[in-house]
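Here is a short briefing on one protein model.

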Amino acid sequence: MLFFLSFLSGVALFYTFQYFPYSSGFIFLLSSLWRTIKKRFIFIFLILLGIAFAFLRYEPLKDMSYIGGREFVVKGIFESHPVKSDSDMFKQAFTIKSALDMKAGEMMDDLAGREIMLFSDKEFDSRTEYEIAIKFMRDRTRLNPGRWNKEELYANLLDVIDSGERKLSLNSRIQEYRYRLDRYIGENFKTDSGSLIAAMTIGQRAYVNEDLRNAFNSTGLAHILSISGTHFGLFSVFLFGIFRSLIQAFPYRILQRITIFLTPSQAAALLCLPFMIAYLCLSGGSVPAVRSFIMIGLFLFGLIIGRKGFWLNSLIFAAFILTVWKPDVIFNLSFQLSFLAVLFIGFSIGYMEDERKEEKKEKRKIIRYLKNVLLLTLSASVGTAPLVAYHFHYFSLISPISNLFIAPLIGFILIPLSVVSSFIFLITGYYLFAPVVSAVSDVSIFLVRLLSDIPFADIKIPAFPVIIVFLFYAGFIFYFLSGKKRYTLLIPFVPILIYFSLAIFEKKDLTITFLDVGQGDSSVVELPDGKTIVIDTGRSGRETASFLKYKGRETIDAVILSHVHIDHIGGLDYILKRFEIKELWDNGRFIFPENFLANIRHRTLNRGDIVEGKGYSIYVFHPYPEFYTMYGNENVEADNDSLVLKIEGKNESFLFTGDIEEEAEEDILHLGKWLKSSVIKVPHHGSKTSAHMPFFEAVSPQFAIISAGRENPFGHPHKETLEVLNGVRIFRTDLDGAVKIEESAKGLRIKTYRDFQFEKAKSFREEMRNIKRLFETW
């Protein structure tokens with residue numbers, strides 16, 4: 001085990017060295033010195049081997065944003081079966097072998113070997129090489145806290161130029177089987193049941209809608225949706241029991257001949273292995289699935305050769321195999337969660353065995369079962385809680401109950417029957433246990449939704465520094481090194497308790513975050529009295545919702561809609577479905593469907609309205625009922641009807657201008673000194689139609705925020721606007737990402753998303769900045 005751990009440490013050191021070179025070097029020297037004193041030179045060699053291996057396999061990420069909007073003729077093969085997206089388009093993974101830029105007429109070597117996600121109205125055979133014309137989508141990256149940015153390339157199909165001969169391979173055959181099963185499940189089960197069955201059998205989670213996924217998260221059953229140790233373990237137990245029972249039921253003469261070579265358990269383990277391999281192929285070979293297969297495979301192999309391996313050795317060996325396959329997998333969240341869950345479950349099993357030895361009287365089986373299930377659930381939940389809370393900002397309180405009653409239903413009935421039925425379907429075309437699988441999946445989903453709707457089924461956790469996660473696991477390492485003394489179990493939780501205790505009593509200042517929503521607008525205002533206001537939602541609302549989730553918010557005190565254009569209010573419906581909204585404010589130019597704003601107080605704002613609270617005031621400057629645009633079309637009219645608000649704190653002020661253009665800017669100029677503000681959200685994404693010099697002179701801002709999309713088709717911000725803002729410090733969401741401005745006694749504190757990210761350190765100063773980021777949140 002120490003051999004594999006040393007190698008893994010070397011791989012980890014290589015990656016951490018890029019961000020913390022001095023700290024990583026110091027740790028390596030300290031470890032090498034200790035190994036030298038102990039005369040364990042082989043471990044130093046293995047660490048160096050891990051570093052060298054990671055270096056040789058390292059491939060820096062290339063910035064491919066420049067290809068957005070460009071058209072190419074590409075040759076390659078589809079690597080996955082088609083999946084229907086929310087927009088009724090099919091999406092498939094496509095690996096490019098060669099790419100020709102249609103405009104420049106040049107080959108693009110950077111795309112060779114890259115996998116892209118292609119959207120089209122056609123379903124393509126994964127066994128055939130195609131030559132197709134595609135157009136890459138523009139950069140969809142959103143630089144906001146709480147939002148992950150996948151390094152994927154997306155493209156739309158333009159035309160199919162040529163299709164070659166079918167190339168039969170093992171992978172293409174597997175993809176064909178998965179596709180057949182996928183289509184059958186989609187056509188013969190209810191939507192939610194089909195999505196659950198597809199997730200458990202072929203690893204296809206794209207069909208699981210967001211509401212159902214959130215219900216599984218809230219109940220602590222998210223692991224059910226990702227094929228991992230639970231699925232492989234229970235399926236292997238199911239098969240092992242059936243095979244051993246069948247072998248033991250053989251006539252005595254046959255059984256006697258078999259047992260000359262193998263025991264019934266060894267024979268059953270041998271028969272299980274091919275099915276485990278088949279399930280791995282069927283699942284799509286995700287990281288948790290591969291890790292689980294290795295562990296189950298080692299266990300079964302141990303039974304075959306008559307040796308039961310230690311679970312910890314198997315876990316470390318599985319991590320080693322995955323790292324050799326893909327070195328940066330150790331920083332994959334899925335890998336980390338599955339590894340930690342198994343690790344903590346393994347330690348809890350060891351604890352239960354120790355307790356059992358100490359018990360003098362045997363407890364009833366039902367009591368022991370309940371105790372063991374609760375302990376295992378609690379162990380997995382506690383072991384993964386810091387990472388789950390850090391990345392997903394929730395903690396399931398109802399998890400012990402759901403894992404006690406729902407997990408066995410899914411694990412011991414639904415998973416084995418659905419997987420067995422899948423194998424039988426692929427061989428015979430008949431899904432054997434379809435009625436049972438359908439009924440059990442329906443009941444399981446009903447129970448999951450029922451428990452998730454219980455108040456406080458989970459608690460929302462605001463963002464906290466990543467150093468808390470490190471200290472938590474360091475505390476558990478100390479617990480094991482100190483001989484597992486019970487009182488030391490409190491140590492991992494001390495940093496968490498201290499941090500959140502201080503956070504509760506932290507003084508709140510006026511803080512505004514201008515989110516990166518692409519070509520649109522959305523800002524989140526955190527007021528000194530603890531209230532939260534959202535000004536516009538962007539086109540989708542997803543970026544705003546992700547940020548609010550990052551902040552641990554479940555309630556929005558007020559949503560303010562500046563005007564009717566989709567890039568400002570398109571995400572309203574998305575926000576309404578996911579948060580409790582107390583009030584909605586607008587400019588009076590909206591017509592909402594009946595009951596759309598049920599249980600929400602609706603307020604129309606007009607010039608002269610004032611909203612006051614502890615430490616802040618909100619002034620409304622525009623529009624007023626008598627205002628009408630004299631020039632321009634309906635779009636210009638809607639822009640000029642935008643709400644203009646000024647949020648004033650103790651010493652600083654922020655002016656929100658929506659999309660007003662020159663006519664509206666002139667209309668409010670007479671307000672004079674009331675317009676003067678420290679920060680302005682530049683109107684209309686920096687359009688030249690809003691670049692009215694007298695207006696900006698009246699505002700006289702120190703800082704200007706421009707919300708615009710990368711490579712947007714309008715060319716925002718226009719140079720005329722940038723010239724008008726000459727001398728003002730400008731922040732742009734297309735360049736800087738989200739921008740946070742916080743009022744303080746010393747003035748305004750400004751932070752951008754790019755400032756918030758870890759950067760590769762080339763000096764001690766840069767490393768110190770990264771160390772500082774370990775202790776920071778947005």
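Leaving aside neighbours within four places in sequence, tyrosine 431 is in contact (heavy atoms within 4.5 Å) with Leu181, Tyr184, Phe189, Ile197, Ser418, Ser421, Ser422, Phe425 and Val437. This is a predicted model: local features need pLDDT of at least 70, side-chain atom pairs count only at pLDDT 80 or more, and totals for chains, interfaces and linings use all residues. Residues are numbered from 1 along each chain as its sequence is written, and side-chain values use heavy atoms, leaving out hydrogens and water.

**Nonpolar cores**
- The largest nonpolar core holds 98 residues, and Tyr431, Phe216 and Phe232 touch the most other members.
- Such a core is a set of buried Ala, Val, Leu, Ile, Met, Phe, Trp, Tyr and Cys residues joined through side-chain atoms within 4.5 Å.
- Buried means under 20% relative accessible area, exposed over 50%, and partly exposed in between, with a 1.4 Å probe and protein chains only.
- Helix H14 (residues 399-428) gives the largest share of this core, 11 residues.
- Another core, of 28 residues, lies apart from it; Val534, Tyr550, Ile556 and Leu597 are among its members.
- In soluble globular proteins, nonpolar side chains tend to be buried together.

**Phenylalanine 238**
- Phenylalanine 238 lies in helix H7 (residues 229-248).
- Its relative accessibility is 27%, so phenylalanine 238 counts as partly exposed.
- Leaving aside neighbours within four places in sequence, phenylalanine 238 is in contact with Pro416 and Val420.
- Proline 435 is 197 residues away along the chain from phenylalanine 238, and their C-alpha atoms are separated by 20 Å.

**Helix pair H2 and H3**
- The axes of H2 (residues 21-37) and H3 (residues 41-57) come within 8 Å and cross at roughly 155°.
- Axes are lines fitted to C-alpha atoms over the stretch in contact, and angles run from 0 to 180 degrees between N-to-C directions.
- H2 is therefore roughly antiparallel to H3, a label for angles over 145 degrees.
- H2 contributes Phe28, Ser31, Ser32, Arg35 and Thr36 to the contact, and H3 contributes Phe41, Phe43, Ile44, Ile47 and Leu48.

**Overall build**
- The protein has 27 helices and 23 strands, which are DSSP runs (H or I, at least four residues; E, at least two) numbered from the N terminus.
- The radius of gyration is 30 Å, close to the 28 Å that the globule rule gives for 778 residues, so the protein is as compact as a globular protein of that length.
- That radius is taken over C-alpha atoms, and the rule is 2.2 Å times the number of residues to the power 0.38.
- Of the 778 residues, 51% count as buried.

Definitions and conventions: Parallel < 35°, antiparallel > 145°, perpendicular 65-115°, else oblique.
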